[in-house]
Amino acid sequence: MASLTDADPVQRTAIFDSLPYYDNDLEQYPILKEKVEKELAREPKPPQALHPLVPPPFELFQNNPLLAAELARVEGHQPLQPLDTLRYQLPAPMSSPGTDEEWRESLRNAHAQLEHQRLRQTNLALLQTYGQNAWRINNYLLEETAKQSEKALEELKQLTTELNRERKNSQTRYGAQLTSLETRWTELLSSILQIEMANVALDAEIDRLNKKRDRVGNHQRRKLLNNLSAQNFV
């Protein structure tokens with residue numbers, strides 16, 4: 001179990017009063033585990049609110065609605081919308097022979113398609129000239145990024161392992177100390193009880209001896225008085 005101190009939620013410190021790496025009473029005594037589970041079942045459910053130390057949820061792509069819509073589509077398992085191929089076509093006017101405005105629209109579309117093809121040809125030429133080196137550089141950057149990520153992951157795993165090992169060692173050490181102190185406390189408590197029982201027995205013995213002394217003293221006093229009375233009578 002853990003408790004929180006300090007009124008400031010940002011500077012709160014968690015204080016743990018259990019040793020999970022050392023305490024194994026539930027494993028040794030299954031009946032205790034059943035009692036704990038029954039007791040937990042009767043407890044009210046914890047609130048669904050996040051812990052004060054947990055940061056608030058971060059909304060992705062707040063400034064980019066297109067990426068936000070695409071993320072929502074992927075999360076919703078919705079299919080990708082098909083590409084609009086109408087802009088790659090050269091439709092003729094719908095009417096025959098067609099109005100001047102329709103032919104001007106078809107002409108503007110043809111100019112746009114021609115410009116698009118020219119740009120594609122330019123991009124293909126640039127790709128053929130510089131694409132190989134750019135691809136190698138990009139692959140090199142990706143490999144370096146992957147290596148750094150793997151290195152950071154290994155370091156994090158190592159830190160986690162060391163932290164868990166340190167926690168286990170410290171809890172085992174503290175648990176052994178607590179067990180030793182508990183055993184010593186039990187021994188001292190038993191010694192105190194034995195001393196109290198010996199004191200009670202000694203008090204009873206002293207009381208018995210005092211009563212015996214009083215009886216013997218009274219008997220001797222009466223005997224002495226009887227002897228004195230007999231001598232006076234003679």
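Guide: Arg-118 is partly exposed, at a relative accessible area of 42%. The model is predicted: local features need pLDDT of at least 70, side-chain atom pairs count only at pLDDT 80 or more, and totals for chains, interfaces and linings use all residues. Residues are numbered from 1 along each chain as its sequence is written, and side-chain values use heavy atoms, with hydrogens and water left out.

Visitor: Why is Arg-118 called partly exposed?

Guide: Buried means under 20% relative accessible area, exposed over 50%, and partly exposed in between (1.4 Å probe, protein chains only). Arg-118 has 42%, so it counts as partly exposed.

Visitor: What makes Glu-115 and Arg-118 a salt bridge?

Guide: A salt bridge needs a side-chain nitrogen of Lys or Arg within 4 Å of a carboxyl oxygen of Asp or Glu. Here the closest N and O atoms are 2.4 Å apart, so the pair qualifies. Both residues lie in helix H4, three residues apart, about one turn of the helix. Helices here are DSSP runs (H or I, at least four residues), numbered from the N terminus.

Visitor: Why does the pair Asp-214 and Arg-213 count as a salt bridge?

Guide: Its closest N and O atoms are 3.9 Å apart, and the limit is 4 Å, so it counts. By this rule the count comes to ten salt bridges.

Visitor: What is Arg-213 called, buried or exposed?

Guide: Arg-213 is at 55%, over the 50% limit, so it is exposed. Asp-214 is at 40%, so it is partly exposed.

How values were computed. Helices (H or I, at least four residues) and strands (E, at least two) are DSSP runs, numbered from the N terminus.
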